[in-house]
Amino acid sequence: MKILAVAPSLNIGGIGRHLLVFAKQFVADGHEVSYISCINHDDFYEVPEGLTVFKPSFNNKGKLDRLLYYLRIVNYIRKAIRKEKPDFVIVFGELFNTLVLLASKGLDVPVFIGDMTSADYDFGRVKQFLRD
């Protein structure tokens, strides 16, 4: 089975660590796993053998660049889904769940999302609209 995992990054933090645990197990079970680290940081976590990691060549550089970054990362993820042709996509991260769902629209690939954010967290109007 081909699996595409998507997370904000492999830098220190819970989301990347949690998804990496899943990815390691999928690799150990003999599946072909690709991992998209949406933010191009240095890796904090060790990448296991057999896991292919993709990182965009661009990053979010500030508030003015944020919208452009979101549009670019949606396009980047969509191209990766088309190229990798996974059996399913798994994504963690409140914002990145929305971006992956937008990127996969119309591609007929199941997407499994994980959201570990508190139910009463205030995302702001735009992010909450996208989440809904």
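## Val6 and its surroundings

Val6 stands opposite Val91 in strand S4. This description rests on a predicted model. Residues up to four places away in sequence aside, Val6 touches Leu19, Ile36, Cys38, Ile77, Val89, Ile90, Val91, Phe92 and Val100.

The pairing of strands S1 and S4 gives the setting for this position. S1 and S4, the latter formed by residues 88-92, pair in the parallel sense over 4 bridges. In general, strands of a sheet pair through backbone hydrogen bonds, either parallel or antiparallel.

How many strands does the open sheet have, and in what order do they lie? The sheet has 5 strands with parallel pairing, in the order S3-S2-S1-S4-S5. Strand S3 (51-54) and strand S5 (111-114) are the edge strands, and each of them pairs on one side only. On average, neighbouring strands of this sheet are turned by 20° against each other, with direction ignored.

Helix H1, made of residues 14-28, lies across S1, S2, S3 and S4. Relative to S4, helix H1 runs at about 150°.

## The nonpolar cores

In soluble globular proteins, nonpolar side chains tend to be buried together. In this model, the largest nonpolar core has 22 residues. Val6, Ile36, Cys38 and Ile77 are the residues with the most contacts inside this core. At least two residues of the core are supplied by each of S1, helix H2 (63-84), S4 and helix H3 (94-104). Which element gives the largest share of this core? The largest share comes from H2, with 7 residues.

Another core, of 14 residues, lies apart from the largest one. Among its residues are Ile3, Leu20, Leu51 and Ile90.

## The salt bridge

Side chains of opposite charge can pair when their charged atoms come close. The structure holds 1 salt bridge. Lys2 forms a salt bridge with Glu32, and the closest N and O atoms of the pair are 3.8 Å apart.

Why does the pair tie together parts that are apart in sequence? Lys2 lies in strand S1 (residues 2-7) and Glu32 lies in strand S2 (residues 32-37), so the pair ties together parts that are 30 residues apart in sequence. Lys2 is partly exposed, with a relative accessible area of 25%. Glu32 is also partly exposed, with a relative accessible area of 46%.

How values were computed. Residues are numbered from 1 along each chain as its sequence is written. This is a predicted model: local features need pLDDT of at least 70, side-chain atom pairs count only at pLDDT 80 or more; totals for chains, interfaces and linings use all residues. Side-chain values use heavy atoms; hydrogens and water are left out. A salt bridge is a side-chain nitrogen of Lys or Arg within 4 Å of a carboxyl oxygen of Asp or Glu. Buried means under 20% relative accessible area, exposed over 50%, partly exposed in between (1.4 Å probe, protein chains only). Two strands pair if DSSP finds at least two bridges between them. Axes are lines fitted to C-alpha atoms, for helices over the stretch in contact, and angles run from 0 to 180 degrees between N-to-C directions. Contact means heavy atoms within 4.5 Å. A nonpolar core is a set of buried Ala, Val, Leu, Ile, Met, Phe, Trp, Tyr and Cys residues joined through side-chain atoms within 4.5 Å.
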